[in-house]
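Welcome! Please take a moment to look over the sequence and the 3D structure below, and then we can walk through some parts of it together.

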Amino acid sequence: MDNDAATAANDHVSFLKYKGKYKGIRSWILSTDHKRIGILYLMALLCFFALGVTFGFLIRLELLTPGKTIVEPQVYNEFFTLHGVIMIFLFVIPGLPAVFGNFFLPIMLGAKDVAFPRLNLLSWWLYVTGGVLIIASILMPGGPADTGWTFYIPYSVRTTTNVIITGSAAFLLGFSSILTGLNFITTIHRLRAPGMGWFKMPLFAWSLYATAWIQVLATPIIGITLLLIIVERVFGVGLFDPALGGDPILFQHLFWIYSHPAVYIMIVPAMGVISEIIPVFARRTIFGYKFIAFSSIGIALFGSLVWAHHMFAVGMSDTGQFIFSFLTFMVAIPSAIKVFNWTATLYKGSISLDPPMLFALAFIFLFSIGGFTGLIQGALSVDIHLTDTSFIVGHFHYVMFGGTGMGIFAALHYWLPKMFGRMYNLKRAKVAFWIIFVGFNTLYFPMFVMGWLGMPRRYYDYLPEYTIYHQISTVGSWILITGMIIMFTNLIQGLRKGKVVTERNIWGGETLEWTIETPPTHDNFDKIPMISTPPYEYKQNETEELPEEIIH
Amino acid sequence: MIAQASNLVHTVDQTFYFIVGVSVFFLVLITGCMIYFVIRYSRKRNPKATNIHGNIPLEITWTVIPTILALIMFWFGWTDYKLESTPPADAYNIDVTGQMWHWTFKYPNGVEMDSLFLPLDKDIKVNIRSKDVNHSFFVPAFRVKKDAIPGRTNTAWFRTEKEGVYNLFCAEYCGMKHSYMITKVVVIPVNDFNALLNRKLNEMNSAASKDTTK
């Protein structure tokens, strides 16, 4: 047992300075503190994000002119595969749950850690191993996979590139995701502070709860699919490869049974972040708490039943087409409910446009465009024209980047000062925001236009009539990247040299993370709080006088 | 603008513009409200917020109206699709084969070509196959797309309505030269089309007889 003096010395020391069993780097990579693990994820994620952005930049650069601009077709195909695999498996899927979920879920629930801290550390190690394997596949002979992130059979069994390595990496990353989900479900069920009923939980926790169930239920399917591919390749059992008597469409079904719900693993936590930020910066209670909470669950349920809308052109039965198109339209409803409730939360608020709020409002706008273009593709006949064109690329970037990406940027600006006790430059953050917003739309909006005009996706070369749209889009990528460089430089400088913040409640939030020290102590709470009211009450609005800070 | 060259474009485009219209309306509504609230209820103008926990009639309204609109969109898409998926019995059959990285079109008289020549004002049914990996037969001007999957025969149909030359793309990623798996669709009057097929047939036969005489 630790002696009392050492324990006392560790009291009220921030988790960043806490002295545990290990020193130096090992005090991080072997730590079971959910906050340190959150930061480990953050560091790794940002490295992979930088890599993913680089490949995205190179894709756009190649498409600046018809014909060859910088690389040969084979290399271009590897670029878009790596861009997709890195962004999806290493950045967007783990993104919010692994970083901000890990760091803030226990705090928001009034707990000292997640339910299984060691499992949590294992998740991180699996994640890093998966990431390293993907990097290894780039460097090993044979070269990185060139199949697109969808690994469609039979092409993926014909190509000589390192598909198996990339696939195994996805398998490991899947395990990491399942363990995180399991951990969060247990944490939410078992570790809520006394008095915190389900409807007194912050909405970010609700969104992580819905996400965690998808992670646990859907992810094993991609794992099993990968095992079946190995069975097919090693034992020659014909499952997917038509040359062996298998069915390539079966692979597409199994792939999307996971990968469509995975889209909701990516977006639902971002919706949770937005639901946290909007009431805080509007200084009022959230509109329709229960509708927002239940719509997360609704999305998780319906979202698991729409996978074949990725396959309207493969030749499914009419019954299949009917059902999947119908359910696709139904899954739009809970998302619409959320958007309406967020907008209504602004009504009669007292709104301040700090950087987290700007990103949150951009989320609503860009995610709405992503959602509406989703409706366009939900209609069977229209989807048949649009599927596999750049319209789809535009659509999912509006949802994944305009939605989840902006959600992550919002979360960074909202919570980083709490995590590290230092503030970034607010003015520069706003400048970066506007550059990102303009660059984003310049980059992705032309994709809708050229997609409607018939520009297929995953094309190295294109016909001259599409040139203008490609060029606008590529210029957009430069603007977007400039904005992101300014944003990340500002955040990193803020963490290193920014103004020290010790104030507990930086933004005027009412969830539990704003009641504890900045940065939090190792145990988060000196005394586990008792909860008696729902979050986002803003009682000061109901008293007669204005709170003092506003008068002055 | 994108060419409108088959019977399918009318309904597909109507559905598309209907959904785009509804979407633009709601996007403007949401964004307009957002901007108005941000200005009208800024902390400067409105230092003290009012708590509103919710409003059930409002929640019902904005659940029911989008649901009805979504059902209408679904129905339009479905009825168009029914039309697309039921070829007329007397349609003219052409076998389409995709392989890395080109297309082959085989006509009922045995002629094979690598551009898709089509007679004007005729119902055409394409039987789509693949020799190796997945491809997709995509003619934007017709709003037609169907995957070519090895081991299967997929079909699609359309009625040609306008003379002209259109693009045919491979729309399912198929490896290195995916973006070069492009050819032309050429719609010509029926007489010219028949003449072309006969000429090609004669060329083919004379080539074959030359082969046998050697």
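This is a predicted model: local features need pLDDT of at least 70, side-chain atom pairs count only at pLDDT 80 or more; totals for chains, interfaces and linings use all residues.

Let us begin with a sheet in chain B. Here 5 strands form an open sheet, and their order is β3-β2-β1-β5-β8. The pairing in this sheet is mixed. Which strands stand at the edges? They are β3 (112-113) and β8 (154-159) of chain B. Each of these has a single partner strand, so one side of each is left without a neighbour in the sheet.

The partner of β8(B) is worth a visit. Strand β5 of chain B, residues 123-130, pairs with β8(B) in the antiparallel sense, over 6 bridges. To find your place along this pair, look for Lys125(B), which stands opposite Trp157(B) in β8(B).

Now turn to strand β10 of chain B, residues 183-188. Strand β4 of chain B (residues 116-119) pairs with β10 in the parallel sense, over 4 bridges. In this pairing, Phe117(B) stands opposite Val186(B) in β10(B). Strand β9(B) is also joined to β10(B), by 5 bridges, and these two run antiparallel. There, Leu168(B) has Thr183(B) of β10(B) opposite.

How do the two chains meet? On one side are 69 residues of chain B, in contact with 76 residues of chain A. The elements of chain B that give two or more residues to the side touching chain A are α1 (9-40), α2 (56-85), β6 (135-139), β7 (144-148) and β9 (164-170). Of these, α2(B) gives the most, with 16 residues. The residues on this side of chain B divide into 35 nonpolar, 22 polar and 12 charged.

Is Glu537(A) buried, exposed or partly exposed? With 15 other C-beta atoms within 10 Å, Glu537(A) is partly exposed. Leaving aside neighbours within four places in sequence, Glu537(A) is in contact with Thr285(A) and Glu510(A). Glu537(A) and Ile286(A) are 251 residues apart in sequence, yet 8.3 Å apart in space, C-alpha to C-alpha.

Definitions and conventions. Residues are numbered from 1 along each chain as its sequence is written. Chains are lettered from A and ligands numbered from 1 in the order in which they are written. Two strands pair if DSSP finds at least two bridges between them. Two residues are in contact if their C-beta atoms, placed from the backbone, lie within 7 Å. Ala, Val, Leu, Ile, Met, Phe, Trp, Tyr, Cys and Pro count as nonpolar, Asp, Glu, Lys and Arg as charged, and the others, Gly among them, as polar. A residue is buried if 20 or more other C-beta atoms lie within 10 Å of its own, exposed if 12 or fewer, and partly exposed in between; C-beta atoms are placed from the backbone.
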